[in-house]
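Let's take a walk through this structure together, one region at a time. Have the sequence and the 3D view ready.

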Amino acid sequence: MSSSSSAAEQHGHHAVGGRELVPLAALIKEESRTERHAVTRSRICAREDGGVGGEVGEAETRRPLLRYGCAAQSKKGEDFFLLRTDCARPSTSSSSSTTSHPPTFAVFAVLDGHNGDAAAIYTRDNLLNHVLSAMPQGLSREEWLHSLPRALVAGFVKTDKEFQTKGQTSGTTATFAIIDGWTITVASVGDSRCILDAQGGAVSLLTVDHRLEENVEERERVTASGGEVGRLSVVGGAEIGPLRCWPGGLCLSRSIGDIDVGEFIVPVPYVKQVKLSNTGGRLIIASDGIWDALSSDAAAKCCRGLPAELAAKQVVKEKSKGPAQ
């Protein structure tokens, strides 16, 4: 198990039964119908078991200001970060506003590998390019933001498909956040988590945990596709551990890689897009080593008021104190 966290903040003028297989195309179509777009006023902080963090603020020109930090405590050596604050948005049409929103965006991602680090490394190095390649050219900024959720789904699927051709059996969770101006778009597979700590103390979850033990809908999807869900059987017939998908024995229902578990584990991410007010917010992204020890509220509370770098370190430090309350 490994632990890492990151904190990113935005600041404004206020400082701070059936057995038929379900085709992947049909699943992607269903996911796109249920994409949720929420608008919230808050501070944003992102984090995962391996996590990234920062702060975003707004200067006199209303240009968002991003601050971030990261921290990790890894035992497996299979967790990786992606932090880029100067990604160039593809060329946009003349109708887009470049005065208040320069044509750049930031990416924060946490990748928690298992059965080796190959899938996590490949995803870190290729996912962003696959997302961008799925975006049409010549979009206005508003059209670009509207197209991001679908492009993220396409990017995840392409990354998984290409990695599987390598014949390696490792897999990875992926929680991938794109910050463009005051709009945050998060896509995630697996049990890494991204939370938003809003101004005033409201904490919201921007991802869905794809653990078979907790996610009833995912258990139903796997069994409807022909997979088996059950615990590990030991000598004497006793069953132990969390619910897993068989064949393969993976306790996650969505991931990138994991070629040995068949078509029941899919790479289609849960996607959510939120827009902040100019008061900004804090986002925390972190992998399961954090969330197995801390609740979302506890993680947000333990680092409020701290600069981004210290906030990420505090979350990792806090997780060692005990299980989530």
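Predicted model: local features only at pLDDT ≥ 70, side-chain atom pairs only at ≥ 80, totals over all residues.

Just after H4 comes Gly 226, which takes a positive phi of about 105°.

In general, side chains of opposite charge can pair when their charged atoms come close. The structure holds 11 salt bridges. One of them joins Arg 211 and Asp 191, with the closest N and O atoms 2.9 Å apart. Arg 211 lies in the loop between strand E12 (203-205) and H4, while Asp 191 lies in the loop between strand E10 (183-189) and strand E11 (193-197), so this pair ties together parts that are 20 residues apart in sequence. Arg 211 counts as buried at 18% relative accessibility, because the cut-off for buried is under 20%. Asp 191 is buried as well, with a relative accessible area of 6%.

Asp 209 and Arg 193 also meet through their side chains in a salt bridge, 3.0 Å from N to O. That pair links distant parts of the chain, with Asp 209 in the loop between E12 and H4 and Arg 193 in strand E11, 16 residues apart. Asp 209 is partly exposed, with a relative accessible area of 21%, whereas Arg 193 is buried at 13%.

Then there's Glu 213, whose side chain meets that of Arg 231 in a salt bridge of 2.8 Å, N to O. Glu 213 is in the loop between E12 and H4 and Arg 231 is in strand E13 (residues 228-233), so the pair ties together parts that are 18 residues apart in sequence. Glu 213 is partly exposed, with a relative accessible area of 30%, and Arg 231 counts as partly exposed at 29%. Salt bridges with shared partners also join Asp 191, Arg 211, Asp 288 and Asp 292 into one network.

On to the aromatic rings. The structure holds three aromatic pairs. One of them is the tilted pair of Phe 105 and Trp 144, 5.4 Å centre to centre with 45° between the planes. Phe 105 lies in strand E7 (residues 104-114) and Trp 144 in helix H3 (residues 141-164), so the pair ties together parts that are 39 residues apart in sequence. Both Phe 105 and Trp 144 are buried. Another tilted pair is made by Tyr 122 and Phe 163, at 5.7 Å centre to centre and 45° between the planes. Tyr 122 is in helix H2 (residues 118-133) and Phe 163 in helix H3, 41 residues apart.

Trp 144 has a polar partner too: its side chain makes a polar contact of 2.7 Å with the side chain of Asp 180. Asp 180 belongs to strand E9 (residues 174-180) and counts as buried at 1% relative accessibility.

Leu 232, Val 234 and Ile 240 make a nonpolar surface patch of about 210 Å². Ile 240 sits in strand E14 (residues 239-246) and is partly exposed, with a relative accessible area of 41%.

How values were computed. Residues numbered from 1 in each chain as written. Heavy atoms only, no water. Patch = residues over 30% accessible without salt bridge, like charges linked within 9 Å, V, L, I, M, F, W, Y side chains within 5 Å. Areas by Shrake-Rupley, 256 points an atom, 1.4 Å probe, with all protein chains shown as cover. Salt bridge = Lys/Arg side-chain N within 4 Å of Asp/Glu carboxyl O. Helix = DSSP H or I, 4+ residues; strand = E, 2+ residues; numbered from the N terminus. Buried < 20%, exposed > 50% of the residue type's maximum accessible area, 1.4 Å probe, protein only. Phe/Tyr/Trp six-rings, centres within 6.5 Å; stacked < 30°, edge-to-face > 60°. Polar contact = N/O pair within 3.5 Å; in protein donor to acceptor, adjacent residues only side chain to side chain.
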